[in-house]
Amino acid sequence: MEAVTRNFFLLLSKSNWLNEMARKRGGSIVTGKIIAGTDFPSSVQIIKDLNSKGLATTVDHLGEFVNSKETAIERTKEAIETIETIGREKLDSHMSVKMTSLGLDIDQDLVISNMTSILDTAEKHGVMVTIDMEDEPRCEKTLELFKQFKESYSCVSTVLQAYLYRTENDLQKLSSLKPFLRLVKGAYKEPAAVAYPDKKDVDANYKKLIEQSLKYGLYTAVATHDDNMINYTKELAAKLQIPKDQFEFQMLYGMRTKTQLDLVEQGYKMRVYVPYGRDWYGYFMRRLAERPANISFAFKGLVKN
Ligand code: FDA
């Protein structure tokens, strides 16, 4: 049943028509709940509030699978402005970007040129830019681009997904570059040919990757809401005598808020992934796929509006 619900929401997440409807309706259902605002200026106060509680952030302008050059260039300009605002306002924040929003599906030269402009600005302001990992058909290209950028920029990082069979090998290959890596379980609908279909295998691989990443000496961001994984990381770090400044936890804005603050209280670095923008629909559906309990507040919001 759980798998059916997950697949249902993941299928809905791909609907252009529903995305357009959600865009037109505005973001009032989700603003302040799972997204910070519909643009960056209106999200700054939420980021300042999180920072004041000891929570670092990484901000993400929602929107993916862009298929027009103009939109990809527009998104690049917007990302640059966001980095400049992070620098000007002295926010304790990284930025997360999706290669498909910068032109990955359109033209390789376009995405390289857009990302180069973003990284030039990020380097100037000392802001880390994390390349989110999207669906499996784009994984190889994304990692190739990451390696290329990493040769010239220290402020770039990326994400590896535990559900993919290939990831252990990718981690080993990337380790010599000493990247800042975010480890996640993986959020897309993938076939059994490329990804573990059983959650218990994904969890086992996630633990293995956390251990390997820490043993390679990489700065490791453990991005999960799962207590089992959080406790595993804490125990492993203590056993291997990994210092608290070699890893951090990451969670999504609006999820497990109390746990986020507890981790800060316990002396761990905690980073909150803060999405903003008008294209909240696909992100929202993926969150529902992970945990349909997230839907309850949305229904309350719908009734109120
Ligand atoms: P999972 O969904 O496996 O749940 C395990 C258990 O955790 C649940 O049974 C429940 O007990 C608890 N739990 C989970 N969610 C909860 C909640 N909201 N409240 C209370 N308890 C909860 N994916 C991707 O493919 N590419 C990417 O770039 C990213 N980036 C990213 C950044 C950050 C900061 C995070 C946190 C996640 C991502 N993801 C991602 C998403 C990731 O791949 C994954 O889909 C989700 O984090 C869900 O998996 P979890 O490990 O959180 O727990």
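Tutor: Before we begin with this predicted model, a residue is called buried if 20 or more other C-beta atoms lie within 10 Å of its own, exposed if 12 or fewer, and partly exposed in between.

Student: Where is Ala187 found, and is Ala187 buried, exposed or partly exposed?

Tutor: Ala187, which the unreviewed UniProt entry includes under the annotation "binding site", is found in the loop between β5 (180–184) and α8 (199–215). Because 19 other C-beta atoms lie within 10 Å of Ala187, this residue is classed as partly exposed.

Student: On which side of α3 do its buried residues lie, the same side or opposite sides?

Tutor: In helix α3 (residues 44–52), the buried residues are Val44, Ile46, Ile47 and Leu50. They cover an arc of only 160 degrees around the axis, so they lie on the same side of α3.

Student: How are α1 and α11 oriented, roughly parallel or roughly antiparallel?

Tutor: Helix α1 (residues 2–12) packs with helix α11 (residues 281–290) at an angle of about 175 degrees, their axes being 8 Å apart. Since angles over 145 degrees count as roughly antiparallel, α1 is, relative to α11, roughly antiparallel.

How values were computed. Residues numbered from 1 in each chain as written. Predicted model: local features only at pLDDT ≥ 70, side-chain atom pairs only at ≥ 80, totals over all residues. Helix = DSSP H or I, 4+ residues; strand = E, 2+ residues; numbered from the N terminus. Arc of directions from axis to C-beta. Axes fitted to C-alpha atoms, helices over the stretch in contact; angles between N-to-C directions. Parallel < 35°, antiparallel > 145°, perpendicular 65-115°, else oblique. UniProt positions renumbered as here; feature names shortened; annotations may be inferred.
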